[in-house]
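Hello,

Here is the structure for you to look through. My notes on what was found follow below it.

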Amino acid sequence: MSSSMKTPAKPWPLIVLFFIFSTSAIVAGFFYYRSLEKNLMNETMEQLSAIADLKVRQIIQWRRERISDGNYLKGNIPHIRQFSRFLAEEQNRQLKNDLISSLISYTENYDYGSILFIDRYLNVKLFYPDQDTIIGDHIQVLLPDVIKKGDVIVTDLHVSGEVDFYHLDLLIPLKEPEETDTNVFGVVIMRIDPDKLLFPLIESWPVSSKTAETLLFHVEGNEIVYLNRQRHLEGGGIGMRMPVTDNKLPSSMAVQGINKTTNGVDYRGIPVVAAMKKVPGTPWYLITKIDREEIYTSLIDKIGQIAIIIILTILTLGLFLAFLWWNQRVRFYKGKYEAELEQLALVKHFDYILKYANDIILLFDKDYRIVSANDRAIDTYQYNRSEIIGKKVPELRSAETAARIREDLEELERMGYSTFDTIHRKKDGSTFPIEISARKVEIEGVKYYQSISRDISERKKAEETLRESEERFRKIFEESPFSMVMTGKDMGIIKANSSFCKMLGYSEEELLGLTFKYFTHPEHIAPDELSILRLVAQEIPIYHTEKRYLRKDGSVIWGSTTINIIRNTKGEAQLFFAMIEDITARKKAEEDLIAAKEKAEESDRLKTAFLHNVSHEIRTPMNAILGFSSLLNEPGIQENERKQFVEVISQSSTQLLSIINDIVDLASIESGQVRLNIQTINLNDELRKLSEQFSYKQKSQGISLILETSLTEKNADIFTDSTKLIQILSNLINNAYKFTGKGKISFGYNLKDGFLEFFVRDTGVGIPPDHQGRVFDRFYQVDSDISRQYSGTGLGLSICKAYAELLGGRIWLSSVPNEGSIFNFTIPYKKKEG
Ligand code: ADP
């Protein structure tokens with residue numbers, strides 16, 4: 001059991017992990033909030049700046065429109081003339097009423113509250129409405145300059161003694177159209193009511209907001225004077241003053257020339273974000289601002305969401321880690337339980353082993369005294385437990401092995417373990433062989449020895465039986481007259497007996513490297529391999545065959561072979577065992593017998609054919625002889641007819657004689673009665689005579705017979721049997737005539753190596769190659785259309801062969817079908833007897 005299993009794992013790493021992850025989640029949430037805040041602030045600032053720009057543009061536009069109102073009036077010549085005339089005719093009521101109604105139309109259609117018309121001496125000449133009849137002190141200061149310059153102006157927002165609310169005036173100097181610039185004869189003063197257009201324009205805000213507002217102000221001395229209403233002050237606060245020196249006040253910042261959007265504290269002392277602008281062409285400054293608090297209010301929702309996400313994340317993580325920890329603890333206690341169970345099982349297991357083991361298990365101390373013995377030990381040694389405990393181990397040894405005990409124990413001491421066989425003794429004195437495996441062990445620091453031993457009486461007996469059986473087998477194998485061989489799965493020789501070695505001519509050492517295939521005749525290899533596969537596949541129980549083997553000296557023998565497969569207990573092929581009997585002699589006898597049988601059958605067949613032929617060959621001339629002989633007896637037969645009949649009878653008799661001669665010759669040859677009649681003859685003479693004998697054939701068949709002699713007349717005197725020689729030649733020439741349709745026939749001889757080599761050459765049908773070897777056999781005829789046309793017995797060539805050999809030579813032929821044949825034979829060239 002590993003030490004890590006003793007206590008459950010501490011949760012600290014998980015807690016630290018939890019804190020790291022939680023802190024990371026909070027920090028990430030915080031930074032996310034900060035980025036949201038920054039974005040919102042930037043957006044608000046941009047919005048404020050854009051609104052301020054818009055307002056400034058609108059104010060400028062509004063002022064421009066007012067000045068153009070003034071310029072319009074200033075340029076309206078008929079109208080100006082009316083004003084100018086009025087100065088001269090103040091009593092002209094009609095004129096006065098016209099002018100007043102035109103002034104009314106200004107107040108009604110534009111944002112002008114009241115209108116005055118004054119002369120160049122600042123006397124009020126006309127007014128509308130009735131209550132406003134006085135020039136305010138603010139304008140009084142400006143009027144001389146206006147009269148002097150003649151330009152239309154819009155005044156600053158102001159209050160005066162006469163008008164106590166903030167307003168502005170449009171001053172329009174009027175000139176006689178014909179006069180020069182300086183001649184301003186009067187001024188139209190239009191009081192602009194800012195509440196009508198200007199203030200709504202400034203105070204409007206494009207989106208709904210609780211705190212946003214626009215402030216318009218100018219500077220008077222060291223003070224900022226607010227010119228429009230402020231939404232956060234009761235009563236509007238127009239005209240409220242603040243010191244220019246208050247640096248946090250956005251208005252002060254604007255006055256100090258700061259032209260951007262920034263943080264500040266407004267007139268209420270509340271932090272705001274404000275955009276500040278100067279309104280060009282006027283003494284005014286404009287501020288658009290919003291409370292910071294309002295901006296943050298919109299973030300509160302987001303903060304809520306972020307907080308929920310962070311809390312959920314931390315909770316999930318916490319739950320997950322808690323689950324992990326719980327799981328770890330469950331695994332730990334489960335593992336601990338299983339380990340304890342294993343331990344218990346192990347202890348029980350060892351108890352059982354000890355109690356029921358088939359082996360004798362002993363524990364003995366350093367003095368070799370037995371301290372523990374199992375049931376088997378008690379059974380085997382026949383001592384009871386109390387007797388065996390305390391007994392010294394050497395006391396268990398038999399007398400004959402007692403001497404060795406010192407050595408055995410020393411080896412155990414030295415090596416720490418030892419395995420050996422010895423003989424032990426039981427209580428009753430009987431002994432038994434035992435196999436001991438002993439080991440030194442240390443228990444709580446004290447040295448002990450443990451031995452596991454086994455009574456091996458049975459095994460020894462079995463070994464002995466096996467040894468005897470092996471010896472028997474070896475003897476049978478070695479000394480068997482049968483050839484025996486054992487091969488592996490690959491048919492490689494493992495063991496061969498001496499009969500086998502002798503049969504193949506190899507030594508056993510030479511055979512060990514070889515496979516069965518090596519000395520099997522190639523024709524048997526494929527069938528052998530197939531049968532071995534079938535044997536392995538258990539398709540056949542045994543493989544028996546008669547096959548040829550190649551001996552070391554190259555000779556071939558026949559063996560009756562039986563191959564058996566030896567399998568292990570699982571049925572897998574392990575070895576092959578082959579027994580071979582040399583049956584070469586039997587095979588040879590069989591072959592000879594078959595050859596003899598075939599020959600006899602052939603001979604029988606040939607003889608039948610011969611009898612058939614002979615009877616035909618004999619009957620034909622005999623019929624002619626008999627027929628024509630009886631005709632000779634017919635009365636009134638003519639002389640020439642008689643001659644013809646006699647000629648036929650004579651020819652038929654000659655033919656019959658030749659057949660009978662052939663048969664007699666053959667009978668003589670076969671019975672060994674042919675005798676040679678050797679004498680000196682002139683070969684050339686003999687051949688010439690022969691050639692002449694065939695002159696009638698030359699004429700009747702139109703095929704010339706050419707004789708070629710190569711010896712001089714003198715040298716042509718030779719010593720031989722001329723009858724046999726001439727018979728050979730005449731047989732060959734007769735055949736040549738029989739099988740030649742056109743061309744020529746030549747015959748003759750040449751002297752070669754002490755032999756006369758005769759030849760008979762024709763240009764006839766020839767003999768097919770597969771028949772050439774057999775035409776010299778008795779009764780053999782080539783079975784063809786042509787040979788069937790001619791008579792014959794198939795004996796001529798065999799007689800030639802027998803005679804040529806009798807004369808001391810040999811005969812052969814060469815032939816090409818449809819081109820012709822050459823028959824050759826030799827006889828020794830002998831000049832005289834001996
Ligand atoms: P046969 O009496 O039938 O002629 P042979 O022994 O003389 O008997 O000849 C055997 C056979 O050999 C013939 O039947 C013939 O078929 C063949 N033979 C012999 N001589 C010739 C030849 N010159 N040309 C072709 N075939 C020949």
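Predicted model: local features only at pLDDT ≥ 70, side-chain atom pairs only at ≥ 80, totals over all residues.

Helices (H or I, at least four residues) and strands (E, at least two) are DSSP runs, numbered from the N terminus. Numbering of residues starts from 1 along each chain as its sequence is written. Local features need pLDDT of at least 70 and side-chain atom pairs count only at pLDDT 80 or more, while totals for chains, interfaces and linings use all residues; side-chain values use heavy atoms, with hydrogens and water left out.

The ligand is surrounded by 21 residues, where near means that a heavy atom of the residue lies within 4 Å. The closest are Asn 735, Lys 738, Asp 762, Gln 781 and Leu 797.

Polar contacts (pairs of N or O atoms within 3.5 Å) are as follows:

- Asn 735: a polar side-chain atom lies 2.8 Å from an oxygen atom of the ligand.
- Asp 762: a polar side-chain atom lies 2.8 Å from a nitrogen atom of the ligand.
- Gly 796: a polar backbone atom is 3.3 Å from an oxygen atom of the ligand.

Of the 540 Å² of accessible area that the ligand has on its own, the protein covers 96% (Shrake-Rupley method, 1.4 Å probe).

Elsewhere, Gln 230 sits in the loop between β7 (223–226) and β8 (241–243). Gln 230 is buried, with a relative accessible area of 2% (buried means under 20%, with a 1.4 Å probe and protein chains only). The side chain of Gln 230 reaches the backbone oxygen of Asn 228 at 3.4 Å.

Regards

Notes
Polar contact = N/O pair within 3.5 Å; in protein donor to acceptor, adjacent residues only side chain to side chain. Buried < 20%, exposed > 50% of the residue type's maximum accessible area, 1.4 Å probe, protein only.
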